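Hi,

I'm handing over the structure for you to look at. Could you open it alongside the notes below?

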Amino acid sequence: MTKLPWIFLCGSLRAVALQAQVEQLATSGDGQTLLFHSHFRLQSETDLGSQGKIYRWQDGQWTRLAAAQDVSFAISPPDVLSPFLSTDGAVIGWQINVGCTLCQIVVVPPLSSDVSGISLPPAFPRGTLRMSANGRYFTADSYPFSGAKYLDAVTGAIADIPVDVFARPVTRNPANDGTALLLITASNDPDQSNAPGTLSLWRPGSDPQPIYSETRVLDPAIAANGERVAFEAVVEGGPEDDQRTLIVVDTHTGERLSIASMPPSDYRATRESFAKPVWDANGAQLVYRSFDDRARPAAISLWDAATGTSRVVLTNSEGFANAVIGGDGTIVWAVTGANRLLRLDLVTGVTDEILPPLGSGGVDGDGVPGLAVLIRGAGFTQAQTAFDGDLQLPVVGAAPEGLWVQIPWEYASIPRAVHKVLIRSENNPTGYPLDSADPNLLCRLL
């Protein structure tokens, strides 16, 4: 028999879980419009590869808003990412990673943005743009050429923000009243590796007002009305080293509340937030990921400021990648670990599946004609079909670890060649295929 080795060209595997390919959610005030970033593509978009894209879901229809340049190789690939929109949906935008092949000489700012629905002054920078929910206040930079700037789009006033130009990842999120949430760190320690940063509130013409500096903080979020701030506190050293706790601070009274904690474990290899908190517009409800006793993101929880209590609103065996809540607090969007997109109406309690599971993974081992190979990943189902061009390949079965597909006996007489395999889901209303190096194929058979 001719052995046909499979080459893994399908996304990437993390140490403990697959990376979600429906991510970076943003929604309107009423939750009726959703933006997200993905490397998937609509099956009708034959002109696109696996570059990053921004899509919009509205009234049951899908629209592509942006797609990054498709390049074969780049140290920093071009991308469009982190979409945002105002509460009324009138102002919409996203970040742009310009990308580069060599990245040895920086001649232009590597980060930019695209914004519609409002006109920003030409002199205002475009890098790592942040916007208040009402679409009035902005912060941005032109790193590494100048520091961060603040803009009141109504008056046109621009001010310097008192944070170091090299302080990244960036926290300078404006609220609807013009207050900006800043994380002020030492210039040589932007990741708070040696000392916690100071979480502060700031407005032009005043000094930053510290609200928290006891531990390192991750993913700080300010409510649109500026009344509450949520963040994940990370203990450094001592008997509770690396303990993670979701904390809410009342910006008027300074009161602090511990909302939820991760199970005790060693999380030092993870530099991002587990909870990923997101506020509604009034700071009345906070949606966040909650975890079981094995540190798995098993649920989406909702904290209510009026009662001071949390409740689980969504659970799924696939786990959750992230979630977002509409400004009026009635709609929650969430993505599972298998890229299943869910929309929960908190008023009626009804959960709609907008995208079915979309597995992504690699092939396990070598393929031999007549035998089955495991396309390892998450989100595969028995209802999916596999194609090599126009030839449908037998699906042996779906398992928790992936999808088993048979290699046809006829391949034994075919000269060594490249075979493109596509996994389809007929019940997928949006027509998204699985992620891969080429969006029309899951893996290559050599």
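R256 is partly exposed, at 39% relative accessibility; on that scale buried means under 20% relative accessible area, exposed means over 50%, and partly exposed is in between, using a 1.4 Å probe and protein chains only. R256 makes a salt bridge with E214, and their closest N and O atoms are 3.3 Å apart. (A salt bridge here is a side-chain nitrogen of Lys or Arg within 4 Å of a carboxyl oxygen of Asp or Glu.) This pair links distant parts of the chain: R256 sits in strand 20 (residues 256-261), while E214 is in the loop between strand 16 (209-212) and strand 17 (216-222), 42 residues apart. E214 is partly exposed too, at 47% relative accessibility.

Before you read on, please keep in mind that this is a predicted model: local features need pLDDT of at least 70, side-chain atom pairs count only at pLDDT 80 or more, and totals for chains, interfaces and linings use all residues. Residues are numbered from 1 along each chain as its sequence is written, and side-chain values use heavy atoms, with hydrogens and water left out.

Now the overall picture. The protein has 37 strands and zero helices; both are DSSP runs numbered from the N terminus, helices being H or I with at least four residues and strands E with at least two. Of its 446 residues, 51% are buried. The accessible surface comes to about 19,800 Å², with 51% of that belonging to carbon and sulfur atoms (Shrake-Rupley method, 1.4 Å probe; for residues, only the protein chains shown count as cover). Take the contacts between residues at least 6 apart in sequence: 45% of them join residues at least 24 apart, where contact means heavy atoms within 4.5 Å.

Back to the charges. Side chains of opposite charge can pair when their charged atoms come close, and the structure holds eight salt bridges in total. One of them joins the side chains of D141 and R172, at 3.0 Å from N to O. D141 is in strand 10 (residues 137-141) and R172 in strand 13 (residues 172-174), so this pair also links distant parts of the chain, 31 residues apart. Are these two buried or exposed? D141 is buried, with a relative accessible area of 5%, and R172 is buried as well, at 3% relative accessibility.

Another one is E353 with R340, whose closest N and O atoms are 2.4 Å apart. The two are 13 residues apart, with E353 in strand 28 (residues 351-355) and R340 in the loop between strand 26 (331-336) and strand 27 (341-345). R340 counts as buried at 17% relative accessibility, whereas E353 is partly exposed at 42%. Salt bridges with shared partners join E318, R340 and E353 into one network.

Strand 23 (residues 299-304) pairs with strand 24 over six bridges, and I300 stands opposite L314 of strand 24.

Strand 9 (residues 127-131) is largely enclosed by the rest of the structure, because four of its five residues are buried. Three bridges join strand 9 to strand 10, antiparallel, and M131 has F138 in strand 10 as its bridge partner. The hairpin of these two strands has five residues between them, and there G135 takes a positive phi near 75°.

Finally, the rings. The whole structure has eight aromatic pairs; rings of Phe, Tyr and Trp (its six-membered ring) pair if their centres lie within 6.5 Å, and planes under 30 degrees apart count as stacked, over 60 as edge-to-face and the rest as tilted. Among them is the tilted pair F36 and Y55, at 6.2 Å centre to centre and 40° between the planes. F36 lies in strand 3 (residues 33-38) and Y55 in strand 4 (residues 53-58), so the pair ties together parts that are 19 residues apart in sequence. Both F36 and Y55 are buried. Y212 and F231 make a tilted pair as well, with 4.6 Å between centres and 50° between planes. Ring pairs also link F36, Y55 and W62 into a cluster.

Cheers

Conventions
Two strands pair if DSSP finds at least two bridges between them.
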